[in-house]
Amino acid sequence: MLVAVVVAVAIGVVAAGAGAGVASASTCDDACRVDGARAYVAALVDHDPSAVPFHPAATRVEAGLPTGFSGDQLRADLRYGPQYRIIRGVSEETYRVREDGVVVADFTLSVGVGPVGLTTARVHETFRYESGLIREIVADIRIGD
């Protein structure tokens, strides 16, 4: 009996952490999916991916090249990756949900080192969800737009 209780508690803890506070697939509506995409964009700047609802098998593709291979790896990149440390701010954010449930995000990133601003980048990303979690991100980035 004790083993069953411990297993049930362990499963509950794992399940609670998997979605980072995001509802299940049956309750993750358009607003929930947009909130997940917003959390990702915020994490690009603040390097705190704790609120990003990554699926364990999440992937990311940028300019046709794979740049993310799992939720854990994407989370670690957002937190520690040097490619994100140069991002100083985000502006001009728009989000919409297509008929197929995919979230489309368009925004501008300010990029720089320390106090020196270098350029901006216009970003177009799509977020496909599975079971209420971000399963796939596809990014198109234009530098200097």
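**Close-up views of the predicted model**

**View 1. The disulfide of the predicted model.** The structure contains 1 disulfide, a term for a pair of cysteine sulfur atoms within 2.5 Å. Cys 28 and Cys 32 form this bond, with their sulfur atoms 2.2 Å apart. The disulfide is left-handed because the torsion about the S-S bond of Cys 28 and Cys 32 is about -95°. Both Cys 28 and Cys 32 are buried (under 20% relative accessible area, with a 1.4 Å probe and protein chains only). Residues are numbered from 1 along each chain as its sequence is written, and side-chain values use heavy atoms, with hydrogens and water left out. In this predicted model, local features need pLDDT of at least 70 and side-chain atom pairs count only at pLDDT 80 or more, whereas totals for chains, interfaces and linings use all residues.

**View 2. Confidence and residues 1-24.** The average pLDDT of the protein is 84, and 81% of the residues score at least 70; pLDDT is the predictor's confidence in each residue, from 0 to 100. Residues 1-24 have pLDDT below 50, and this stretch has 17 contacts in the model beyond near neighbours in sequence (heavy atoms within 4.5 Å).

**View 3. Lining classes of the largest pocket.** The lining of the largest pocket comprises 11 nonpolar, 2 polar and 4 charged residues. Here Ala, Val, Leu, Ile, Met, Phe, Trp, Tyr, Cys and Pro count as nonpolar, Asp, Glu, Lys and Arg as charged, and the others, Gly among them, as polar. A pocket is an open set of points on a 1 Å grid over the protein atoms alone, where a 1.4 Å probe fits, with protein on both sides within 12 Å along at least five of seven lines; lining residues have an atom within 4 Å of a point.

Conventions:
Buried means under 20% relative accessible area, exposed over 50%, partly exposed in between (1.4 Å probe, protein chains only).
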